[in-house]
There are 2 protein chains.
Amino acid sequence: MNEKVAIQGIKGCFHHKVALEYFGENVDIVECLSFDALVDEVVKGNATIAVMAIENSIAGSIIPNYALIDSNNLHVIGEYFLNISHNLMVLPGQTIEDITEVHSHPMALLQCKEFFKKYPHIRLIEAADTAEAAKIISEKQLKGAGAIASSTAAELYELEVLNSDIQTIKDNSTRFVIVKTQNSVLPKDQINKASLKFELDHKRGSLATVLNVMSDCRLNLTKIQSLPVIETPWKYAFFVNVTFDAYADFDKAVKLLTIMADKFKILGEYKNARK
Amino acid sequence: MNEKVAIQGIKGCFHHKVALEYFGENVDIVECLSFDALVDEVVKGNATIAVMAIENSIAGSIIPNYALIDSNNLHVIGEYFLNISHNLMVLPGQTIEDITEVHSHPMALLQCKEFFKKYPHIRLIEAADTAEAAKIISEKQLKGAGAIASSTAAELYELEVLNSDIQTIKDNSTRFVIVKTQNSVLPKDQINKASLKFELDHKRGSLATVLNVMSDCRLNLTKIQSLPVIETPWKYAFFVNVTFDAYADFDKAVKLLTIMADKFKILGEYKNARK
């Protein structure tokens, strides 16, 4: 049976691309128009697994998605990095002078802002999804409108790419996580990365102490993010990603951190997708 | 001469509220429809100072704003915490049954999502600004449409508040920073908080070492955030906020960190606005 993969967006979006590259072509796609809807589909069992953007080399973490994983007790069972290339697409025959508005996801608009400074006659308008913006132009045969989306979306919805790779920062890598309601089934010797969450009191040196333990246990930090714990002044939650060579090292750190930190939780243990 | 204060949004928005509470009623407001525009106004000297939302107890840091402060060499000279209360407002006489769409800033829509689950007939539509959404309804006398905005916006644009305090998490504190092109003029004995940025190689224990120094120098961390340095694999930038009792302690830490970390930079030193 094929995996039923929930994605944020519709076919042709970047989540779809990740789903195809991670799981192969034989997947059933469950299109969701928000991250909340995506989590709902997995929790209710309408999808067996979901692909979820989690951080971006430009805009940083998508904090609400960390909160969604945490509060729904989902497990991160894998990760995938995608270099995101944005393209300006229009109905065939239209030129950039014809275009008065460009629709896309707010993140895509943000990443391509510089490009549009040369075209002050074009208004940038927020849409729910990159691929959906492309689809609407195609379906309604909208003249004067463009979309920023993937080259896959251009093919799928038969639009013409006027300019490709228009994002300001060319090396635009986004990290996606693969989440399920059940934990990983990977053999321990294949696990070399983990996502952790814990809370600490606002006491001088409390985070340094925890990081010392991680360092002593030979864990490398690849990400750290503090968030105040709502309704508990001076309490902070930390989201941390670590990589390691030996699972035994990680296991030892987990035993220590369970004692040292409050509400210590493994959000997922998986294989590092970076070389 | 009055301060010319750049705000993100139009009069009646939360930035406006912060400007009035921080500087008093006698300020000239420069309305900006994006954070980029706001930074431009300050850099060009059209505004003497700006108010900028920087983090939120729900959604976390607004990373692009850290990048804007950093890349434009702005100085954080103060901070302000505002408890944000969202209200659903409509033209006088309209009821919730009449409303088919609600417009607001994406962050406000996110924070009030739970409330609207009871009203599935209402579509949530993203707008550039909370107050602007209110203003448009008022100016165009739009029936069937609501806005989520501050009570100030309701008064200013003569709308009726149907429901107040509709955000899911009632204690919705947002931290704003006050930024200028010149550094702080505060006497050193009034400075007890700072925002720092530095870079570290991805080497085991490098962050722990830095945090140990901060802890030894009696600095308390109130925020930490890592970001991969774009185009430099395995290099990480850290944005850190610290509080301290004695400026001399901070000064000592700065001297050490300048040697230990790459591209160490003080984004601002100012007075802690939290008790």
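Which residues does Lys193(B) touch, not counting residues up to four places away in sequence? They are Glu79(B), Phe81(B), Arg175(B), Thr222(B), Asn241(B), Val242(B), Thr243(B), Phe244(B), Gly268(B), Glu269(B), Tyr270(B) and Asn272(B). Touching, or contact, means heavy atoms within 4.5 Å.

This is a predicted model, where local features need pLDDT of at least 70, side-chain atom pairs count only at pLDDT 80 or more, and totals for chains, interfaces and linings use all residues. Residues are numbered from 1 along each chain as its sequence is written, chains are lettered from A in the order in which they are written, and side-chain values use heavy atoms, with hydrogens and water left out.

## Lys193(B) and its strand

Lys193(B) lies in strand β12 of chain B. Strands (E, at least two residues) and helices (H or I, at least four) are DSSP runs, numbered from the N terminus. Lys193(B) has a relative accessible area of 4%, so this residue is buried. Buried means under 20% relative accessible area, exposed means over 50%, and partly exposed is in between (1.4 Å probe, protein chains only).

The side chain of Lys193(B) makes a polar contact with the side chain of Glu79(B), at 2.9 Å. A polar contact is a pair of N or O atoms within 3.5 Å; within protein, one must be able to donate a hydrogen and the other to accept it, and residues adjacent in sequence count only if both atoms are side-chain atoms.

Strand β12(B) spans residues 193-201 and is mostly covered. Of its 9 residues, 8 are buried. β12(B) pairs with β14(B) in the antiparallel sense, over 9 bridges. Strands pair if DSSP finds at least two bridges between them. β12(B) also runs antiparallel to strand β15(B), residues 262-270, with 6 bridges joining the two. Leu196(B) has a bridge partner in each neighbour: Val240(B) in β14(B), and Ile266(B) in β15(B).

## Salt bridges

A salt bridge is a side-chain nitrogen of Lys or Arg within 4 Å of a carboxyl oxygen of Asp or Glu. The table gives some of them.

| Lys113(B) | Asp36(A) | 2.3 Å |

In chain A, Lys197(A) has 12% relative accessibility and so counts as buried.

## Where the chains meet

How many residues of chain B are in contact with chain A? There are 42, and they meet 42 residues of chain A. The size of an interface is often given as the accessible area lost when the parts come together. Here chain B and chain A bury about 3,300 Å² between them, with 57% of it on carbon and sulfur atoms. Buried area is the accessible area (1.4 Å probe) that two parts lose on being put together, summed over both.

Between chain B and chain A, 10 residue pairs are in polar contact, both residues at pLDDT 80 or more. On the side of chain B that touches chain A, α3 (63-71), α4 (106-111), α8 (206-216), β13 (220-228) and β14 (235-243) each supply at least two residues. β13(B) gives the most, with 9 residues. By class, this side has 19 nonpolar, 11 polar and 12 charged residues. Ala, Val, Leu, Ile, Met, Phe, Trp, Tyr, Cys and Pro count as nonpolar; Asp, Glu, Lys and Arg as charged; the others, Gly among them, as polar.

The rule finds 2 salt bridges across the interface. Lys113(A) is partly exposed, at 26% relative accessibility. Asp36(B) is partly exposed as well, at 24%.

## Two loop residues

Gln141(A) is not a glycine, yet its phi is positive, near 50°. Gln141(A) sits in the loop between α6 (130-139) and β9 (145-149) of chain A, and is exposed, with a relative accessible area of 53%. Asp165(B) is not a glycine either, and has a positive phi of about 55°. Asp165(B) is in the loop between β10 (160-164) and β11 of chain B. Its relative accessible area is 34%, so Asp165(B) is partly exposed.
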